[in-house]
Amino acid sequence: MPVPLPCLCLDASARDRLRGGLWVEDRWLAELQLEGAAAEVVAPLVESLLDLAGLGWDGLRALALNQGPGSVLGIRAVAVSLRAWSVLGDLPLLGWPGLLAAAWAAAGTCDGVVAEGRAGRWVVQ
């Protein structure tokens with residue numbers, strides 16, 4: 001299924017930092033990163049992204065979330081916000097595993113992606 005565009009993409013996998021972007025066609029229309037707890041900065045980040053892109057909520061066609069690995073609390077806080085917005089706006093909510101996205105980006109140059117998780121655990125995709 002093709003992703004409806006523009007798509008608001010949020011990544012709360014890093015502790016105390018939220019990254020977001022608006023994806024259209026084959027490029028980022030707007031990108032932004034805010035420091036702080038995801039639950040506290042998600043609304044300001046989304047408002048700023050929409051302002052940068054010159055879009056309103058009615059201009060969005062989909063929402064997406066990095067499912068991790070990463071900050072469990074950050075991902076959950078953003079997931080709750082995105083779920084509420086998807087229901088209110090009747091928008092599809094999509095998710096992507098972060099390491100899988102990195103592996104796709106490196107396709108042809110590596111066989112996998114490895115990251116160090118919490119408590120010294122290794123995560124492989």
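This is a predicted model: local features need pLDDT of at least 70, side-chain atom pairs count only at pLDDT 80 or more; totals for chains, interfaces and linings use all residues.
Figure 1. The expected span of a helix is 1.5 Å times one less than its number of residues. Helix H2, formed by residues 72-89, has 18 residues, and the distance from its first C-alpha to its last is 25 Å, close to the 26 Å expected. Just after H2, Asp-90 adopts a positive phi of about 50°.

**Figure 2. The buried and exposed residues of H2.** Gly-74, Ile-75, Val-78, Ser-81, Leu-82 and Ser-86 are the buried residues of this helix. Viewed down the axis of H2, these buried residues fall within an arc of 135°, so they line one face of the helix. Exposed residues are found on the other side of H2, namely Leu-73, Arg-76, Val-80, Arg-83, Val-87 and Leu-88. The cover over the buried residues of H2 includes one helix, H1 (38-53). It also includes the strands E1 (7-11), E2 (17-24), E4 (62-66) and E5 (93-96).

**Figure 3. The pairing of strands E4 and E5 and the crossover through H2.** E4 and E5 run parallel and are joined by 4 bridges. Leu-65 has Gly-95 in E5 as its bridge partner. From E4 the chain passes through H2 to E5, forming a right-handed β-α-β crossover.

Figure 4. Apart from its neighbours within four places in sequence, Asp-16 is in contact with Leu-34, Glu-35, Gly-36 and Ala-37. For one of these residues, Gly-36, the C-alpha atom is separated from that of Asp-16 by 4.5 Å, although the two residues are 20 residues apart along the chain.

**Figure 5. The whole protein, as context for the close-up views.** The secondary structure comprises 3 helices and 7 strands, which follow the pattern β-β-β-α-β-α-β-α-β-β along the sequence. The protein has 125 residues, of which 34% count as buried. Among contacts between residues at least 6 apart in sequence, 52% join residues at least 24 apart. The accessible surface of the protein comes to about 7500 Å², and carbon and sulfur atoms account for 54% of this surface.

Methods: Residues are numbered from 1 along each chain as its sequence is written. Side-chain values use heavy atoms; hydrogens and water are left out. Helices (H or I, at least four residues) and strands (E, at least two) are DSSP runs, numbered from the N terminus. Buried means under 20% relative accessible area, exposed over 50%, partly exposed in between (1.4 Å probe, protein chains only). The arc is that of the directions from the helix axis to the C-beta atoms. Contact means heavy atoms within 4.5 Å. Two strands pair if DSSP finds at least two bridges between them. A crossover is right-handed if, with the strands pointing away from the viewer, the path from the first strand over the helix to the second runs clockwise. Accessible areas come from the Shrake-Rupley method with a 1.4 Å probe; for residues, only the protein chains shown count as cover.
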